[in-house]
Amino acid sequence: MQYEVIIPAAGSGTRMGANFNKLFLQLNGQTIIERTVRVFAEDPNCTRIILAVKEEETDKFKQLLQSAQEKVLFIPGGKERQFSVKNGLAAVSPDCEIVLVHDGARPLIKKPYIDKLVEAANRYGSAVLAVPVKDTIKRVENFAIQETLNRENLWAIQTPQAFRVKILQNAHLFAETHAFLGTDEASLVERMDEKVMIVAGSYENIKITTAEDIGFANVILQQED
């Protein structure tokens, strides 16, 4: 089934310790954003890639993504991820039924997981990739443990996240009306008491957040070669 994808790419490299957009960092000879976009550019089911970027970085992104230019639409990013996605929703094609949102800093996503996710979103309305939590998780306040959570019920949420377009549009409108800022799109849909389904993902679908993640990603890429 066909879909469009929104990729927020207007962030900074604060937690990475970089003084520029971390998506321009190299992974095994190619920038993070090139690797991320390539997966969708090569997927015949993906009809449009909506990239939300800072105005001053637009030319840089265009230069890096020339090979995917037929699919990529550049739009202004927002101050928060949520606002970038909202801008992206406004640019979705009128006939688009399924829209994905994917972190620009998750360059190791694979097409089989995208296919399963799109199928689940078409069936249920909303679906996200996730993996079961491996570690013991504790709730902490002021560095003191308050309780140990049941690991069997905990999943680490990833992207892409997929939705019927109308559901995500309504979720953003609801969030704006209630001044709610979520950490991902699923949290916005949850606020409307809509069900969001889990699709089992891969532990290799890591988000590049800190300098250590660059090393992990390079190891994964080397194993694939």
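Strand S6 (residues 98-101) and strand S10 (residues 155-164) pair in the antiparallel sense, over 4 bridges. Helices (H or I, at least four residues) and strands (E, at least two) are DSSP runs, numbered from the N terminus, and two strands pair if DSSP finds at least two bridges between them. Within this pair, Leu100 has Ala162 of S10 as its bridge partner.

Before I continue, a word on the basis of these values. This is a predicted model, in which local features need pLDDT of at least 70 and side-chain atom pairs count only at pLDDT 80 or more, while totals for chains, interfaces and linings use all residues. Residues are numbered from 1 along each chain as its sequence is written, and side-chain values use heavy atoms, with hydrogens and water left out.

Let me return to S10. Strand S7 (residues 126-132) is joined to S10 by 6 bridges, and the two run antiparallel. Here Ala130 stands opposite Ile157 of S10. Strand S10 also contains Pro160, and the peptide bond joining Thr159 and Pro160 is cis, with omega at about 10 degrees.

On the other pairing of S6, strand S1 (residues 3-8) pairs with S6 in the parallel sense over 3 bridges. Val5 stands opposite Leu100 in S6.

What is the order of the strands in the open sheet? The order is S5-S4-S1-S6-S10-S7-S11, which makes 7 strands with mixed pairing. Strand S5 (72-76) and strand S11 (197-200) are the edge strands, each pairing on one side only. On average, neighbouring strands of this sheet are turned by 30 degrees against each other, direction ignored. Helix H3 packs on the sheet and touches S1, S4, S5, S6 and S10, and its direction makes about 145 degrees with that of S1. Contact here means heavy atoms within 4.5 Å. Axes are lines fitted to C-alpha atoms, for helices over the stretch in contact, and angles run from 0 to 180 degrees between N-to-C directions.

I turn now to the helix pair. Helix H3 (residues 81-90) packs against helix H5 (residues 165-177) at an angle of about 135 degrees, the axes being 11 Å apart. H3 and H5 are therefore oblique to each other; angles under 35 degrees count as roughly parallel, over 145 as roughly antiparallel, 65 to 115 as roughly perpendicular and the rest as oblique. From H3, the contact involves Gln82, Val85, Lys86 and Leu89; from H5, Leu168, Gln169, His172, Ala175 and Glu176 take part. By class, this contact has 4 nonpolar, 3 polar and 2 charged residues. In this scheme Ala, Val, Leu, Ile, Met, Phe, Trp, Tyr, Cys and Pro count as nonpolar, Asp, Glu, Lys and Arg as charged, and the others, Gly among them, as polar.

The loop between S5 and H3 holds Gly78. Not counting residues up to four places away in sequence, Gly78 touches Ala10, Phe83, Ser84 and Asn87.

Next, the salt bridges. A salt bridge is a side-chain nitrogen of Lys or Arg within 4 Å of a carboxyl oxygen of Asp or Glu, and by this rule the count comes to 8. One of them links Lys111 with Asp43, their closest N and O atoms being 3.8 Å apart. Lys111 lies in helix H4 (residues 111-124) and Asp43 in the loop between helix H1 (32-41) and strand S4 (46-53), so the pair ties together parts that are 68 residues apart in sequence.

Finally, a backbone detail: Asn28, in the loop between strand S2 (26-27) and strand S3 (30-31), has phi near 50 degrees, a positive value in a residue other than glycine.
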